[in-house]
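Please read it alongside the sequence and the coordinates.

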Amino acid sequence: MPVPINSNESHCTFTLASDVTAGGLPSEEEISKDLENSDPKVKRHALKAAIMAMLGGEPMPRILMQVIRFCINSDDKPLKKLCMLYWEVVPKYQEATSEEKLAAATAGGAPPARKLLPEMILVCNALMNDLNHPNEYVRGSMLRFLCKVNDEEILGPLIPSIKACLEHRHPYVRKNAALSIFHAHKLHGETLIPDGPELIAAMLEQETDVAARRNAFLMLFNENEDLAIEFLAKNMDDVGKYGDGFALLVLELTRKVCKRDPNQKSRFVRVLFQMLSSNSAAVSYEAAWTLVSLSSAPTAIRAAAVTYTNLLNSQNDNNVKLIVLERLEGLKKKHPKIIQELLMDILRALSSPNPDICRKVLDVAMDVVTSRNVAEVVTVLKREVTKTAEETDESSDAKGTVYRNMLIQAIHGCAVRFPDVAESVVHVLMDFLSTDGGMQVIVFVRAIVEQYPALRATLLSKLVNTLDSVTNGNVMCVCLWILGEYCEEADSLKEAFEEITAQLGEPPFLVHPEDKAAKEKAVAEAAAGPKIVTKNVVLADGTYATQTVYNEPKKAVIDDSTPSLRKMLLGGDVFLGTIVGSALTKICLRASDLPEISSVEVKAMTAKSVLIMCGVVKMAEVNPSPQKSSLSDCKDRLSMCCRCLLDPKAEELLKPLILVEGRKSFSTFLTSIKDKESKDAKKDEPDAPMTQADDLIHFRQLKAMSVQVGDMDLDDGSDLARATGYVDGGSLLESELNHVYPLSGFADPVYAEALVTVRDYDISLEILIINRTPNTLANLTVELATMGDMKIVERPQAHTIGPLDQITIKASIKVSSTETGHIFGTIVYEDTSTQERGYINLNDIHMDIMDYIRPATCTDEIFRSMWAEFEWENKVAISTSISDLQVFLKHVVESTNMNCLTPIDSSEKGSFLAANLYARSVFGEDALVNVSVEKKENDGKLAGYIRIRSKTQGIALSLGDRITNVQRELPQAKS
């Protein structure tokens, strides 16, 4: 540790928060007078004021003797504590005179030797008295204080007393004595206490206290590693009894020794395996991580994975579970077969009420599912899906919707990869068509029906039977599309047609005015509150009283026997009516090709279908729709269907298009999704290391404290990357330079520039201040302020800068939401030569929203639900020089750091493009973007709108500003 050159530059390890500065600090005379007071409270207040003044740079030389005279022998415990703080900051050395400095400079340029103040001899005597005090807590607190003293002249006379404390009867004294020996040996080991490690080693042999043993081993671990290893070898079997702190030190020693010398690994393997079964979660976790770092043997990896799995299922803290799952995911990449053995134990963590943990568990588990364990995995997933329907408490409801969707997606993935399990799960999932996860289920069923023709008959029959329980309009649309597209046999066609027409009922699909009025009246009566009736009554004793009666209205019995499909049409769902007409048309066309169905039955089905389609069109005309194009689209589509059923020529032309092309397009869609998933899986695979012929050769053997490549999994570069947040260590300087902002100009008296580092919720500012004047600037302060949802946590302190000198000032800002913010401020200083006060206004630092946005992915159903839920929308008109649709979309995606959810085929050419973009902020906020752009025929320019939706206003506005800027700033060359 460097020695302070100036007595005012004393080492300080604390900050003092107090109200003594209210109204200004007292003068040196007032403090000196208050220290003579007999009241301990007055002394404490005065001593606090003295410490605060000295921390601010005031020397206060008269106070030292007053403290020695009136405070050093006090029995008041708070005053003793303040005295220790005072000894820490008080100047302890005499300042060299000008003659001594001149003589030293003339002699050889070395600074003059420092001389201890005479008063410090009295202080050393007082410290020694406390070290020999009969009260063990006075001794222990003094030993703790000595761990902050760095002066050899003060520590020297106290060494015998510190050594004597190693044999004290109380463990509190012994554990602090060990730390004092450690501190003294680290600073002045060869001069003050050369036999420190031997003393601690002898103490360790006889020590029985857990904390004292840990501190003693800490000293050996840092100062004499050989003695620490020797003690560990003798007591290898008893490490588990020595406490968690000792075990963590042993693990740290293991990593340190094995990193320097890999041949030592065999000495520590036994203790590592012993610590894996520790009762402490911290010890077992660190032992598992250390074992994985030191060895890649299957036995070691399996033991560490078992430990991680036990921690996952035994700990209640969600943060611990997430950390363990991260470790398991890291093991999965290098040792997937070992994780496969523990897959069922990992799935036990699905019982957690936190959906984030369940999602992480499924992410870890689904990648290691094989044909051997897929049956067991699917059984667990089916059981969990069934639980979500049975649980009714509030906590399970909060988890149920999201969790059920995750389980359905996982089951879907298993069924796609392993067709043998598809039949066993699809029937179970179809029971959930009426729940809030019905959309996920029906999409899964649609894919299974297309990919596995052998299962179609049973699935279609099950779907027909459960049609009356579907209450969601989107789910009903997919159900009708499946029935119209895949019912090909006579029995299934008849069954589907009868069920659909029974659910629809007879047209027209309009609500009668009488029924509507009766229903509205019943709903109004049910919503009415209780009526209060007040009346006077005569009590039994003849007195009068007021009685208040609440009359609850009778709940009206609402006839809700209308089938759900008809109820949706009566509610004005025009799109569903169009799907109904299309499905009935497909069923009638297929029925006409089957000899099992007579022409009379086909004609009856056709006539009924046409009547239903006419009723749907009538419903679309009567009911107002928010979408103006719904009525015209419905008329065009259903008119085509009627013409196809009634006109033989039209049937000949449209029949192949209706019956074949639709299924063919859906099959192509499933194939493209599968190809995309396979490409994404290949991207996730780590690339093989490639070495170029002209690359520099890296000799790890020539680097100090290094190990051979392949001997260990510990890598300095990856550790540094994980610690600093930079993936590529080579681009560290370049990345920092990109985040340097000049705050003032070169012509200003003070030049300032800031290095801005954004780490999720925190913004760290490192401000370089350069004094460009030949004068000393005192009380220089950088006063910062923020605009936006940012808060300054750590404000810069005042500093004094010499002529042409520089200093680095740090500030910390906390961010709580995703929006564009500004940091601005002023530099205030005093010129010591002119006594003038100067001000420099700083340039603003613009915090970009892209520092908080991360690309994310979600399903189309979740995107649509969030789009309907979010209330904040920002609509940006497209104005750009780009003339290509896909190039413009790619530019928007790259500029906003978002993920495009819509698959785009570069081979397709057209004049219109629509795509959905999605991202999440580091604060968990969702950002939804819809790009709708068309290419004008007259001038070839792009026109349209980009709509942004979010739950909060800030991210919608900031993202809109970002999109507006990037599309205008794009140069012509990129188009």
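Of the contacts in the protein chain with a separation of 6 or more, 66% are between residues 24 or more positions apart, where contact means heavy atoms within 4.5 Å. The model is a predicted one, in which local features need pLDDT of at least 70 and side-chain atom pairs count only at pLDDT 80 or more, while totals for chains, interfaces and linings use all residues. Residues are numbered from 1 along each chain as its sequence is written, and side-chain values use heavy atoms, with hydrogens and water left out.

## Overall make-up

The protein chain contains 39 helices and 20 strands; these are DSSP runs numbered from the N terminus, with helices being H or I of at least four residues and strands being E of at least two. Of its 975 residues, 43% are buried, a class defined by a relative accessible area under 20%, with exposed meaning over 50% and partly exposed in between (1.4 Å probe, protein chains only). The accessible surface of the protein chain is about 52,300 Å², and carbon and sulfur atoms contribute 52% of that area; such areas come from the Shrake-Rupley method with a 1.4 Å probe, and for residues only the protein chains shown count as cover.

Because 11 of its 14 residues are buried, helix 27 is largely enclosed by the rest of the structure. The buried residues of helix 27 include M476, C477, L480, L483 and Y486.

Helix 28 covers residues 490–504, and its 15 residues reach 21 Å from first to last C-alpha, close to the expected 21 Å. Among its buried residues are L493, A496, F497, I500 and L504. An α-helix has 3.6 residues a turn, so residues three or four places apart point the same way. The buried residues of helix 28 pack against helix 26 (456–465), helix 27 (473–486), helix 30 (564–570), helix 31 (574–591) and helix 32 (599–622). Helix 28 is followed by G505, which has a positive phi near 80°. In the loop between helix 28 and helix 29 (513–527) lies P508, and the peptide bond joining P507 and P508 is cis, with omega about 5°.

## The crossing of helices 3 and 6

Two packed helices are described by the angle between their axes and the distance between the axes. The axes of helix 3 (residues 62–70) and helix 6 (residues 119–131) come within 11 Å and cross at roughly 35°; axes are lines fitted to C-alpha atoms, for helices over the stretch in contact, and angles run from 0 to 180 degrees between N-to-C directions. In this contact L64, M65 and I68 of helix 3 meet E119, L122 and V123 of helix 6. By class, the contact of helix 3 with helix 6 has five nonpolar, no polar and one charged residues, where Ala, Val, Leu, Ile, Met, Phe, Trp, Tyr, Cys and Pro count as nonpolar, Asp, Glu, Lys and Arg as charged, and the others, Gly among them, as polar.

## Buried residues and their partners

| Residue | Location | Relative accessible area | C-alpha distance |
|---|---|---|---|
| A247 | helix 14 (residues 244–260) | 6% | 8.6 Å to R214 |
| V149 | loop between helix 7 (136–146) and helix 8 (152–155) | 7% | 8.8 Å to W87 |
| L765 | strand 7 (residues 762–771) | 1% | 9.8 Å to E753 |

Leaving aside neighbours up to four places away in sequence, A247 touches M275 and V283. With neighbours within four places likewise set aside, V149 is in contact with I154, L155, H183 and L187, and the partners of L765 include L755, V756, L784, I809 and I845.

Most residues other than glycine have a negative phi, and most peptide bonds are trans. Q835, in the loop between strand 12 (821–831) and strand 13 (836–841), has a positive phi near 55° and is exposed at 64% relative accessibility. N897, in the loop between helix 38 (885–896) and strand 17 (899–900), has a positive phi of about 60° and is partly exposed, with a relative accessible area of 28%.

Key: The expected span of a helix is 1.5 Å times one less than its number of residues.
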